[in-house]
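Hello,

Here is the structure I promised to pass on. Please open it first, then read my notes below.

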Amino acid sequence: MREIGFPWSEAMADRARRSVGATVAACRAALREGVAANIAGGTHHSYTDRGGGFCVFNDAAVAARLMQAEQARASRKPLQVAIIDLDVHQGNGTASIFRKDESVFTLSLHGQKNFPFRKEASDLDVPLPDGCRDDEYLQALEGALTGLEGRFEPGLVIYLAGSDPHEGDRLGRLKLTWDGLEARDRRVFDWAWQRRIPLAFAMAGGYGVRIEDTVQAQVNTFGVGAQYWRRWQNQAR
Ligand SMILES: [Zn+2]
C-alpha cells in the first residue's frame, strides 16, 4: 500500500481516515462513559510508514497516542494503554509501532498459522494451533489476561474484537462457536469492568462464509458491550 494507484484511492483514504477518527472518538467516549465502540477499525496490520493486509492506518495506535497526549495536556498522570487484540490475525503493525514503548502494552491472541506469516513481537503473544476450540481458547485468554495484569496497569483498554476466530470464517484457522466468541467478549469486558478500566472496542476482521454470520458475531459483541456500558452508567448515578 506504499503506492495507492487505484482511481478510488481518495475515497479509500478518506474512509480509512474516518475509521481512525471513529476509534479516537470511541476512546474519548470510553474515558467519559466506561465503554464505547467503533463499528469499523481494528486495522492492526498497518505500520507507522505503510499499510498491510486490508489495513491503511493503524487506528488503535493513533488513538492510543492521542489519548496519551490529551491526558498529558490535562496534566493528569500518564495514561497507560493496553491493546487487547483478539482478531485471529496477529497484530503485527501494532506490535511493531509500540515495540519500544512501555506505556502501551500489546497483547495478541491469534492463529499461529494465520497471516501475517512473519510476525512481530508483541508484549505478549499467544499463538494458537489450527482448529483451536472454545475451551482451549478461553483458557489461553485467561492466561493472557493474568499475564497482562502481572506486568501492566492500564488506564484504558482498546479491544480489537475480530469475529474471525469463528468456525464459519473463511480466513481464520480457529474453530470458536457462537458461545465461545460471546464468552470471549464477556471475559474481556468483565475483566476491564472489574478493574474499572475504560474500554473502547473496534470490530477488526470478519470474513464469514456467510456474511450474515460475521454480522451476527459483531452484533453479539455490541450486545455484550452495551450491557457493560449500562453497568458503568448505573454505577455513576
Ligand atoms: Zn483478522
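In this chain, 68% of the contacts between residues at least 6 apart in sequence join residues at least 24 apart. Two residues are in contact here if their C-beta atoms, placed from the backbone, lie within 7 Å.

Some ground rules. This is a predicted model: local features need pLDDT of at least 70, side-chain atom pairs count only at pLDDT 80 or more, and totals for chains, interfaces and linings use all residues. Residues are numbered from 1 along each chain as its sequence is written.

Overall fold: the chain has 6 helices and 6 strands. Helices (H or I, at least four residues) and strands (E, at least two) are DSSP runs, numbered from the N terminus. Their order from the N terminus is α-β-α-β-α-β-β-α-β-α-β-α. The C-alpha atoms fill a box of roughly 45 × 45 × 30 Å, taken along the principal axes.

Burial: 46% of the 237 residues are buried. Buried means 20 or more other C-beta atoms within 10 Å of the residue's own, exposed means 12 or fewer, and partly exposed is in between; C-beta atoms are placed from the backbone. Ala74 sits in the loop between helix 2 (59-73) and strand 2 (81-85). Ala74 is exposed, with 8 other C-beta atoms within 10 Å. From Ala74 to Pro127 is 53 residues in sequence and 38 Å in space, C-alpha to C-alpha.

Best wishes
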